[in-house]
Amino acid sequence: MCGIVAYLGQKKAQPILIEGLKRLEYRGYDSAGIALLKGDAFIINKTAGRISTLDEILPAEPPVTGLGIGHTRWATHGAPNTTNAHPHIDYTSKITVVHNGIIENYSTLKKWLIEKGVVFSTETDTEVIANLIGYFYSSGDGSEGQNRFEWSVQQALNELYGTYGLAIICADYPNMLIGAKKGSPLILGVGENEYVIASDASAIVEHTTQAIYLADNEMVTITADGFHTMTIDNVAVSKDLKNIEFSLEQIELAGFDHYMLKEITEQPTALATCLGGRVDVKSARVVLGGIQSHLRELTRAKRVILTACGTAWHAALVGEFLFEQLARIPSEVEYASEFRYRNPIINDGTIVIAISQSGETADTLAAIELAKERGAIVLGIVNVVGSTIARTTNAGIYLRVGPEIGVASTKAFTGQVAVLAMLAIELGRRRHLASDYAADLLAKLVEIPEKIKEILSQSAYIKEIAQANIDKENWLFLGRGLNYPVALEGALKLKEISYIHAEGLPAAEMKHGPIALITERMPGVFIATKSTQYEKIIGNIEEVRARGGKTIIVATEGDEQIKPYADHLISIPDVVDCLQPMVTVIPLQLLAYHAAVLRGHDVDKPRNLAKSVTVE
C-alpha cells in the first residue's frame with residue numbers, strides 16, 4: 001500500500017515523478033504529493049485526492065531540478081487530507097521523506113521528540129521518521145568520517161519498529177537521494193546517468209530495465225557518481241543488477257477502458273504462458289524448475305499448509321482440494337493474518353505454501369517467517385519476480401501471468417490455480433496416480449486457455465445480466481466442492497468493485513441459516529456445472545426458487561435439464577471437475593466488472609482498497 005517514486009538524474013524530476021505516481025496509483029489514491037530540491041530549498045506540492053488533482057496544482061513549467069520524491073497514499077495514521085499527505089518535512093526544514101509502511105512505536109518516539117522541543121504538524125507516523133532523522137542530523141554527534149545525512153538516516157532507522165519503504169532527501173545535499181527498506185518493497189532502477197527509486201517496477205520500466213531489489217534492513221545512497229548499498233548498521237552490501245521481467249507495453253491499457261477488463265481478457269494468453277514449457281503431456285510430467293531441489297521432500301510430505309489472504313486464499317482453498325484429491329496429501333488452508341498469531345503445530349514432513357500475487361503481502365510474509373522458525377520447508381507461489389516472498393521462501397514457483405494492475409485480482413487467481421493444479425498432478429504422479437490418468441489431466445489442463453476464450457465471447461450477454469440485477473443490494477454466491485472457493489471469489493469480486501453486499505457459501509450451508517434472507521430482492525448465483533454433486537446443487541436451486549429468489553446459473557454447455565431453473569443462464573465449456581475453477585470463475589469476474597461499471601464506479605481504484613497490502 002502507498003506508492004513511492006523518487007528520481008535523481010539529468011532530466012527534470014517533476015514530470016518523471018508524476019508519471020511514476022500515475023503508474024503506482026493502484027497502490028493508494030487517498031492523497032498525493034511531490035517534493036523537489038532546487039538548490040538548498042524544497043518545493044513541496046501535495047493535496048488530498050488523486051494524482052490528477054495533484055497534477056492540476058503543479059506549475060505548467062517544471063522547476064529545473066533533477067532531484068525529487070513523490071508519494072500516493074493509502075491512509076493508515078491520520079485522515080486522508082492535504083496536511084497528512086506525503087512528503088513530510090522535518091522541524092528543521094532540512095529533511096523530507098516519503099514512506100510506505102507503519103511505524104509501530106511512533107507514539108513513543110513522538111513523545112520523546114516533543115520532550116526535546118520538536119513540533120509536529122500532522123497526525124501521521126511518517127512525520128516521526130522525518131523529525132527523528134532531522135533531530136540526529138541537527139546534532140551530528142558521531143558522524144565523523146561518514147556523510148552526515150547518511151549517518152542520521154541510519155541512526156533514525158535503528159530506532160524504528162515496524163515496516164518502511166523510504167525515499168529521503170536533504171536540503172544540504174542537492175545531489176543525493178537515500179532509500180531504505182524493511183517489510184515494504186523498494187526497488188532502485190539504474191539507468192544511464194539517472195536513478196529511479198520506486199515501490200514496484202511499473203514506475204521504473206519506462207526509464208530502465210535494470211534494477212536492484214533491496215532486502216530488509218538495507219539502504220541505498222545515490223549520487224550523480226553512482227550508488228552504494230549497505231545495511232542500516234553501515235555494513236556494505238553487494239547487490240546484483242536484475243532484469244525487470246516485463247515491458248512498458250504490458251502495463252498500458254492498450255485500448256481497454258479499464259485494467260481489470262484488460263486483465264480478464266488476457267487470461268487465455270496469461271495461462272498459456274504460465275503453463276508453457278512446464279507441462280509435458282507426452283511423458284505425463286510437470287517441470288517446475290523453482291522447486292526441483294525440494295521435490296523429494298514434497299513427494300514425501302505428510303501435510304501441506306497453504307497460507308494466503310484475499311483472492312489468493314480462495315486459490316489456496318482450491319489447492320487444498322487438489323492436493324488431497326490428486327496427491328492424497330492431508331492439506332489445510334490458513335488465513336495468513338490468523339496463522340501468524342496462533343501457535344501452529346508444524347511437524348516433520350509439513351510443507352507450507354505461501355501464495356501472493358505481489359509477493360509483498362505483509363501478513364503472508366509474517367506467516368512465512370513463523371513457519372520457517374518452526375522448521376517447515378516454505379514454498380512461495382508469487383507473480384512478481386524479485387519480490388520479498390520470492391526471496392524469503394526456501395523455493396517457489398512464479399505465476400508468469402504478467403503484471404496485474406487492477407486492484408481486483410483476476411488473472412493472478414487463475415494463474416495460482418493453474419500452478420497448484422500442476423503441482424498437485426506432479427506430486428500425485430510421483431505418489432500414486434497412474435501415468436495415463438496424469439497425462440489425461442495435463443492434456444485437459446493445457447486446453448483451459450481455449451475454454452476461457454469461449455466464455456469471454458459472452459461478455460456482452462453477461463453485461464445484460466448485470467444490468468437486470470444491479471439494483472439488488474444483496475447477493476448470494478453458491479457452489480459445491482471445488483466450486484465453493486469460486487463462489488467465495490465471485491462474491492469478493494462483486495463486493496470489491498460494485499460495493500454490493502455479497503456472500504459466498506457452500507450451497508448446502510444455505511439452509512443452515514442464510515436461507516432466511518432469500519427474497520426476490522436477493523439474486524442467487526449458482527455454479528451448477530456437470531460434476532459429482534450436480535444433483536445436489538439442483539436441489540439447492542429449488543430451495544431458492546421456492547422462496548421467490550431469482551437465479552443466475554453458471555452451467556455446462558448443452559445442459560438442457562437446468563434451463564427451467566434459471567432466470568439467467570451462463571453456459572461454459574465442459575471441463576473435468578478438478579480443473580473447473582479456472583473456467584467457472586470467468587463469468588463471475590465479468591459479472592462483477594459489468595455491475596461496477598454500470599453502477600458508475602471506478603473499477604481499477606475501488607474505494608478504501610489498494611493493490612498490494614504491505615501493512616498489517
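I began with T311, which is found in helix α9. The model I am reading is a predicted one.

Is T311 buried or exposed? I find it buried, with a relative accessible area of 8%. I then looked up its side-chain partner. The side chains of T311 and E489 are joined by a polar contact of 3.1 Å. Next I listed the contacts of T311, setting aside neighbours within four places in sequence. The list reads S409, F413, Q416, E489, L492 and K493.

I moved on to helix α13, residues 411-431. I checked its length against 1.5 Å a residue. Its 21 residues should span 30 Å. The end C-alpha atoms are 30 Å apart, which agrees. How many of the residues of α13 are buried? I get 18 of the 21, so the helix is largely enclosed by the rest of the structure.

Then I turned to the aromatic rings. A pair of rings is described by the distance of the centres and the angle of the planes. Taking ring centres within 6.5 Å as the cut-off, I count seven aromatic pairs.

I looked at W313 and Y335 within this set. Their ring centres are 4.0 Å apart and their planes stand at 5°, so I log the pair as stacked; the cut-off for that is under 30 degrees. The pair links distant parts of the chain. W313 is in helix α9, residues 310-327, and Y335 is in strand β19, residues 331-335. The two are 22 residues apart. I also checked accessibility for both. W313 counts as buried at 11% relative accessibility. Y335 counts as partly exposed at 38%.

W475 and F477 came next. Their ring centres are 6.2 Å apart and the planes are at 15°, so this pair is stacked as well. W475 is buried, with a relative accessible area of 0%. F477 is buried too, at 1%.

Which residues do ring pairs link into a cluster? I noted W112, Y135, F136 and W151.

Last, I looked for charges over rings. R148 lies over the face of Y137, 4.3 Å from the ring centre. I also found R607 with Y499. The charged end of R607 sits over the ring of Y499, at 3.9 Å from its centre.

Conventions: Residues are numbered from 1 along each chain as its sequence is written. This is a predicted model: local features need pLDDT of at least 70, side-chain atom pairs count only at pLDDT 80 or more; totals for chains, interfaces and linings use all residues. Side-chain values use heavy atoms; hydrogens and water are left out. Helices (H or I, at least four residues) and strands (E, at least two) are DSSP runs, numbered from the N terminus. The expected span of a helix is 1.5 Å times one less than its number of residues. Buried means under 20% relative accessible area, exposed over 50%, partly exposed in between (1.4 Å probe, protein chains only). Rings of Phe, Tyr and Trp (its six-membered ring) pair if their centres lie within 6.5 Å; planes under 30 degrees apart count as stacked, over 60 as edge-to-face and the rest as tilted. A charge sits over a ring if NZ of Lys or CZ of Arg is within 6 Å of the ring centre and within 35 degrees of the ring normal. A polar contact is a pair of N or O atoms within 3.5 Å; within protein, one must be able to donate a hydrogen and the other to accept it, and residues adjacent in sequence count only if both atoms are side-chain atoms. Contact means heavy atoms within 4.5 Å.
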